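Please look at the sequence and the model below before reading on. The notes after them go from the whole chain to single residues.

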Amino acid sequence: MHRSIENISLLPPLLGVPVALFSALLYLYLTPSTTLSQPYFTESVAIYALAAVLVLISEPLYIKAQNDLQFGIRVRAEGSAVILKAVVAVAIIVWGGEEKALLAFALGQAAYGLCTLVVFWLAYPAQLKLWPSKITEKVRDNVRQYYFEPKLLRLSMAMTSQSLIKHLLTEGDKFAVSMISTLEDQGAYAIASNYGSLVARIVFQPIEESSRVFFSKTLTSEDTQQGQKVSKASNTITSVHTALSLILLFDAHLTLLLVTFVPPYLPTLLKLLLPPRYLQTSAPQILALYPTILLPTMAFNGTLEAFLASTSTPSVMKAHAQFLVTASVASAGAVWLLVEYLQWRTTGLVWANSFNLFLRAGWAGWWAWEWFRRNALAGGSWYQASPPLSVWLACLLCGTALRVTLPEGGGLKGNGWKGIGLEDIKHIGVGAICALFTLAVCANACNKKCP
């Protein structure tokens, strides 16, 4: 990894560690006394801050793995860390009971941070640094010394500010629900959000981050003489167009499968997975919107914004930042309209979040079309990104069959596995046959369409 990139990668721990510690102290200072009186609350906040520090220290090694396209290292680190986090949290709750629940989750997060750091350190044992090294550069007769390359630093700051705005837009629903919802609705929204975002964390996030690295390394190279990014040959642009189309095609197929198969079985799954007390809250209504509304917009937005981040110029980044401000105002208006005026409560937040993602995906999609047009690929067909007619028909046929054969009341006469009856088993069999049929049609279409 180039030394300038290596130095920039040290900014997250250098800036993030003080911010994490200050945030923890500020949070403890501002927290009401009733919240502070919870068992192990202060200790849990301190452990969460420690966990954040551990993750921040591993960030330069994570960036190196991404820059080297060593995605296997990240999979090992995050996979083992998630498992260890769950094991630690469950073990402490089983051992100490509900009284130690806060402590259990905090120690689980600390175990996650420690495991992540250890795995990355074992992959790059000689690369762990906490302070940047001075770079000496000689241009003609002038000698220049610096820690952070100015252009790269400005680009990093611009992308960080954009990421902050995106984070506020993406997590704005959580801020809103804490301000306008009852504790019962907050709990329902939290459990629905955690369940519903599993697909996003497991499937969409790795695709988005891998796509961003792939597009960046494929489309641009660093001219060491000029220090400028230069476009590669037209055949590379064509191959990137094909890659983007295929990722969008995957997103489209996944969207069709989610819309076809999840809604008919969601009531049954909720009775099996959710605690009985949450079935009487707004959690089922919130989760019902995930496969049909929120997850599809997440998929397309993530892919298109990954391409945007890899290809945008400073002027485009400035225009995008201005658009994000406009989108935040529009999203706030959508929250007021849906939650306050129409009284859709927590489901209104999901619709508003989807609207926000739709706006962002639309802007990023426009930029993708414009970028290929500027690079003499305006004639490049986007037909590849659309599933063939056979897949649409198969999903329509199977979706209809699953809804027609849905047992009365949405499946399961009671809660838990004991509530499964003969009608449910028959419906599951119909779903299995439909799934095999749809996957076969998708595979056949891919063999004909994919290059």
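How many helices and strands are there in the protein? There are 16 helices and four strands, where helices (H or I, at least four residues) and strands (E, at least two) are DSSP runs numbered from the N terminus. The model is predicted, so local features need pLDDT of at least 70 and side-chain atom pairs count only at pLDDT 80 or more, while totals for chains, interfaces and linings use all residues. Residues are numbered from 1 along each chain as its sequence is written, and side-chain values use heavy atoms, with hydrogens and water left out.

**The whole protein**

- The protein has 451 residues, and buried residues make up 42% of them; buried means under 20% relative accessible area, exposed means over 50%, and partly exposed lies in between (1.4 Å probe, protein chains only).
- The accessible surface comes to about 24500 Å², by the Shrake-Rupley method with a 1.4 Å probe.
- Carbon and sulfur atoms hold 68% of that surface.
- Among contacts (heavy atoms within 4.5 Å) with a separation of 6 or more, 77% are between residues 24 or more positions apart.

**Nonpolar cores**

- A nonpolar core is a set of buried Ala, Val, Leu, Ile, Met, Phe, Trp, Tyr and Cys residues joined through side-chain atoms within 4.5 Å.
- The largest such core has 25 residues, and F204, L270, L274, A283, I286, L295 and V350 touch the most other members.
- Helices α9 (183-196), α10 (198-219), α11 (234-273), α12 (283-311) and α14 (345-374) each supply at least two residues of this core.
- Helix α12 gives the most to this core, with eight residues.
- Another core, of 23 residues, lies apart from it and includes I237, L304, W363 and W371.
- Leaving out residues up to four places away in sequence, L295 touches G196, V199, A200, F204, L258 and Y290.

- Helix α2 (residues 11-30) has 20 residues and should span 28 Å at 1.5 Å a residue, and its end C-alpha atoms are 28 Å apart, which agrees; the expected span is 1.5 Å times one less than the number of residues.
- The buried residues of α2 are L11, P13, G16, V17, A20 and A24.
- Helix α4 (residues 41-67) has 27 residues and reaches 39 Å from its first C-alpha to its last, close to the expected 39 Å.
- Helix α4 bends by about 40 degrees at E59, and the proline P60 follows within four residues; the bend is the angle between axes fitted to the seven residues ending at a residue and the seven starting there.

**Salt bridges**

- Side chains of opposite charge can pair when their charged atoms come close.
- The whole structure holds five salt bridges, each a side-chain nitrogen of Lys or Arg within 4 Å of a carboxyl oxygen of Asp or Glu.
- R212 pairs with E208, with the closest N and O atoms 3.1 Å apart.
- R212 and E208 are four residues apart in helix α10, so about one helical turn separates them.
- R212 is partly exposed, with a relative accessible area of 26%, and E208 is partly exposed as well, at 23%.
- E305 and R360 also meet in a salt bridge, at 3.1 Å from N to O.
- This pair links distant parts of the chain, with E305 in helix α12 and R360 in helix α14, 55 residues apart.
- E305 counts as buried because its relative accessibility is 3%, and R360 counts as buried at 3%.
- R374 and E370 form a salt bridge whose closest N and O atoms are 3.0 Å apart.
- R374 counts as exposed at 52% relative accessibility, whereas E370 counts as buried at 8%.

**Positive phi angles**

- Most residues other than glycine have a negative phi.
- Y40 is not a glycine, yet its phi is positive, about 60 degrees.
- Y40 sits in the loop between α3 (33-36) and α4, and counts as partly exposed at 28% relative accessibility.
- R345 has a positive phi near 55 degrees and lies in helix α14.
- L69, which follows α4, has a positive phi near 60 degrees.

**Residue C446**

- C446 lies in helix α16 (residues 422-449) and counts as partly exposed at 35% relative accessibility.
- C446 and L249 are 197 residues apart in sequence and 9.7 Å apart in space, C-alpha to C-alpha.
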